[in-house]
Structure formats: structure tokens, C-alpha cells
Amino acid sequence: MINLESMLYVFSSVLFIIGIKRLSHPKTARSGNFIASLGMLIAIITTLVSNSTVNLELIAVGIVIGSVIGAFFAIRVEMTQMPQMVAIFNGFGGIASALIAAAEFLNPSEPLLSFSIATISLSVFVGTLTFTGSFIAFGKLQGFISGQPIVFLGQQLLNAIIGISILGLSIYITLDPEQINIFYLIIAASAIIGIGLTIPIGGADMPVVISLLNSYSGIAATSTGFVLNNNALIISGALVGASGLILTNIMCKGMNRSLANVIFGAVGLEQTTGSDGESKQINVKSYSTEEAAMIFDAAEKIIVVPGYGLAVAQAQHAVREVAEFLAKKGKKVLYAIHPVAGRMPGHMNVLLAEANIPYDQLKDLDEVNNEFEDCDVALVLGANDVVNPAARHDSSSPIYGMPILDVDKSRTVIINKRTMNTGFAGVQNELFGYDNSIMVFGDAKDMLQKLLKDLKEL
Amino acid sequence: MDINIFTVFILAVFVGVEIITKVPPTLHTPLMSGSNAISGIAIVGAIISTKVGGELGTWLGFTAVILATVNVVGGFMVTDRMLKMFKKK
């Protein structure tokens, strides 16, 4: 029986791996997700059958409640709100692992070894930190909490002290497991450090934070797997942990920043403390949508560059209508997606897919950057820092070295923004003052609808 | 410590890195929500912990079952909803 149980866990782990492997292409991705969910079903049934002493009624009630909540969110969530949803789900996964470890500590099924106590501490620490950190991230994305970094004097010192205390307490409890109060202290300190590490991070750095918290929820599951000596948890947790870390790394590279700089740098703060007066005055040309329509009419190749502003304005459907109209007139239309556009990895791609834009028109940074040289119009929608040429040449700029989309190499750049406000990095974009740049002010959705109307009237 | 489970862990990390680096940027959001669902594997641990002796352990396990199920069901469903939208011309 033991052998069959282990075999089935191995089988469900294999299904998880195959499932993720099929995510390597949009064509096979959906079946991959189905295969992974099948793996989960097998793991759950195996657990229920092989642990005859579990409280079945209670588990059934729990599963029903959880399924209803999960399904409700999955059906109702707007695609623009995906980052929030992933953030909060990361939190649930983290706290679930922490609760399991806590249950094992408070009511152990067998006397605990030092190794078990150490892994329980790790599980509780990472799980609780993921939980509180995810809620702060959720609050920032949803707007409950200011998207600005929240910093105070001695913040990093305080975090360091809490971190060292958690380590000390964990060692203490491993040596003396009778100290239940120490255990509660670890939980409280982990909750506080989760908040402390997330509040100083600005809204634009959220893609990194969400990826990192994703990774933590995997690490929490793995350490719970060590506590329970369960391979399914260890393997799945390791997969998720690796996935989160890889995405974190991709996001950091997309901003040319180190992980430490994202976590401790509080970038975006300059915006409020104000150095705006020093920034160079730039003269911009502002066009109406009618004038812009004429430029589009004369163009042959158009590249659309969407940013978070497009998501805020819910303009993904409007942009598709404009692009389809232009394509019908025989023009080539592409979309250039910067790795950190939006609030989570791949956020723009999902929004544009929702608007029925075929995924083969969406090009990532490396694919698209040499396309700008023979491009007639680059249409920048609610993006700012990711198209700022200062990143290439101005070593004093906070975004210097960040890989950008070379929209300025197009014949004409049409930039839609609501106002002349600076981007998240708090820097004025010199692109707006370039000779080949034209500003069209207004909400992205309104602007695109007017533009479509003007294009049709030409 | 059982060296076997540690071996499993290390190999799983390598497999994870190998397959996840092949996921294109277009699918990074579904990857996150899908891996989120997979981290709901904690449900296995949650089920086991409801049998741990004592009231407190059972209730902690019960709460963990609910939260992990939210993760599993919500994660897989929303991933499917997203992947359905990815179409070629």
C-alpha cells in the first residue's frame, strides 16, 4: 500500500512536469494546464485513500468551501486584475503551508526530531511572510494602500533586527521544542517582516514582488514537504520555487536592476520628494486625433507599444479595433511588449489576448527592436520609462542601462498619455521632445475611439 | 535527515529550471497562475494534518484545506480561462 501511494505521488509529479512543459507553446498550453490539474486530482485522491484516519466530513466541507471561493474569483476576475488575484492566491498558498507546519508542531503525530523542528520553523517563517507580504502587494495593486514606497528612518535596520531575531528564535526552539511561546513569537515576527519587506517597494516594481512571492509560496510548500516527508510536496514546491525565481530574474533584467536594489532601493520615491524643478524643460508637439489619423493613413508599418496606462484605461479592445482597421487597409501592424510592461510578467499579453489579438502579432523586446528602423509609426500607449532613450546614453538617469524599446528609431513616434506627468522612475522622458515625436493627449480608450472615427472619415 | 528526499528536491529544482526557461514571455502570466495552482499541493499536507491528534491541529488543518483548495481550484480555472483566449490569426 505504501508503495502504491508513493508511486501515485510520483505519477502526479510527472503530470505537473508535463503540464508545465506544455506551457512552452500557446497551442499546447491549455492541455498542459488540464494535465497538471489531473495530477492534482490524483494527488488529492491518493491522500484521502491512503490516510484512513482523516476526518472525511471536515475535509469535504473544507474542499467545498474552498472550491466555491476559488471558482468565484476565477470566473469573476477582470484580466486587468490578474496581478491582484495571483498576489492573493500566493498568500493563501503560503499560509496554508504555514498552518500545516504549525499543526505538526503543536500536535505532532510522532515525537519531533530536531530536523523536523528546523523545517517547521522554515515553513512557518516563509509561509507567514508570503501571506502578509502578498496582502500588502494586493493592497498596493488594488489601491487600498499607496503604490508609493513607504519608508521611514531605520527601516532596513529594523527589518534586519527582526530577521536575525527569527533566525535566533528558530535555533532556540530547535534546541528546546517545549517553548510554545517562542513558536508564536516566530509567527508574529514573520508576519511583521513580510509587511516590512513589501511596503518600501513601489507600484512599478510589483512584477518583481509578485514573482518573488510566487517563489516563496513554492519554498513554503517544499519545506512543508520536508516536514511531512512527502515527495509530491517537495517536487511541486521546487517547481513553483524555480518558476518564481526565474521570473524574478527576468523582471530584474528587464529593469537592469539587482534584486537587492528592487527590494531595498525604494525606487519611485524621488517622484514625491520632488526634484521636478531641476528637470530640463522640453518642448513637445501636441496633435489632435485628426492630424494623427493622417499620419497613420500614410504609414505602411505600425508598431503598437502598450504599457500599464493601456490596462488602466481598459483600452485593449479599442486598440484592437484601430489595428484591425489599419490592417484591413493593407498596413502591417505589430505589438511590441516590454518584459516589465504591466504589473506582472506577461500581463500585457493576456490583456491583448483577451481583446482577440492573435499571439503571433505580439513581439517581445529582442524580436521587435530591429523592426523599428523601417517602421513608419510607433504608437506608444500609456508606456513611458520602457521607451525612454535616456536609458541608452544618459548615465545620470535612474533608468540608465535598462533595455528599452527603440521607438525613437521609427520615422514618427505618436505618444498617447493623459498628462505630461513623469513615469514610475520619476524621470522626464526626453523622447517626448524629439523632432519625430508627436503627443496626443487624453485617456487611451477615448483617444483610440476618436482616432478610429477620424480614420474612417478620411 | 533522509538524504533521498533531499536528492529529490535538488533534482526537482533542476527539472523546474530546465522546463520553465522554455516558457515564452507571452505565457508568463498563465505560468504564474498555473504554478500558483500547483503550489496548492499543500492541500495534500492539509488533509494529512487533519488527522493529527488534538482539536487545534484538526482546525488548523481544516483552515489549510480551505485555503489550499482556493488555490487549486481558482488557479487552474483562471489559467484555463486565460489560455482559452490565446489564439493564432
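**A helix across the sheet, then the chain contact**

I began with helix α14 of chain A, residues 316–328, which lies across β1, β2 (332–337) and β4 of chain A. Its direction runs at about 170° to β1(A). I kept in mind that this is a predicted model.

Next I traced the sheet. It is an open one of 6 strands in chain A, with parallel pairing and the order β3-β2-β1-β4-β5-β6. I noted β3 and β6 (437–441) of chain A as the edge strands, each pairing on one side only. Neighbouring strands are turned by 25° against each other on average, direction ignored.

I then looked at one pairing up close. Strand β1 (residues 301–306) and strand β4 (residues 377–381), both of chain A, pair in the parallel sense over 5 bridges. Within this pairing I found A:P306 opposite A:L381 in β4(A).

On to the partner chain. I read off 93 residues of chain A in contact with 78 residues of chain B. Which element gives the most to the side of chain A that touches chain B? That is α4(A), with 16 residues. Other elements giving two or more residues include α1 (2–21), α9 (231–254) and β3 (362–364) of chain A. I sorted this side of chain A into 56 nonpolar, 31 polar and 6 charged residues.

Last, I checked α4(A) itself.

Terms used: Residues numbered from 1 in each chain as written. Chains lettered and ligands numbered in written order. Predicted model: local features only at pLDDT ≥ 70, side-chain atom pairs only at ≥ 80, totals over all residues. Contact = placed C-beta atoms within 7 Å. Helix = DSSP H or I, 4+ residues; strand = E, 2+ residues; numbered from the N terminus. Nonpolar A, V, L, I, M, F, W, Y, C, P; charged D, E, K, R; others polar. Pairing = 2+ DSSP bridges. Axes fitted to C-alpha atoms, helices over the stretch in contact; angles between N-to-C directions.
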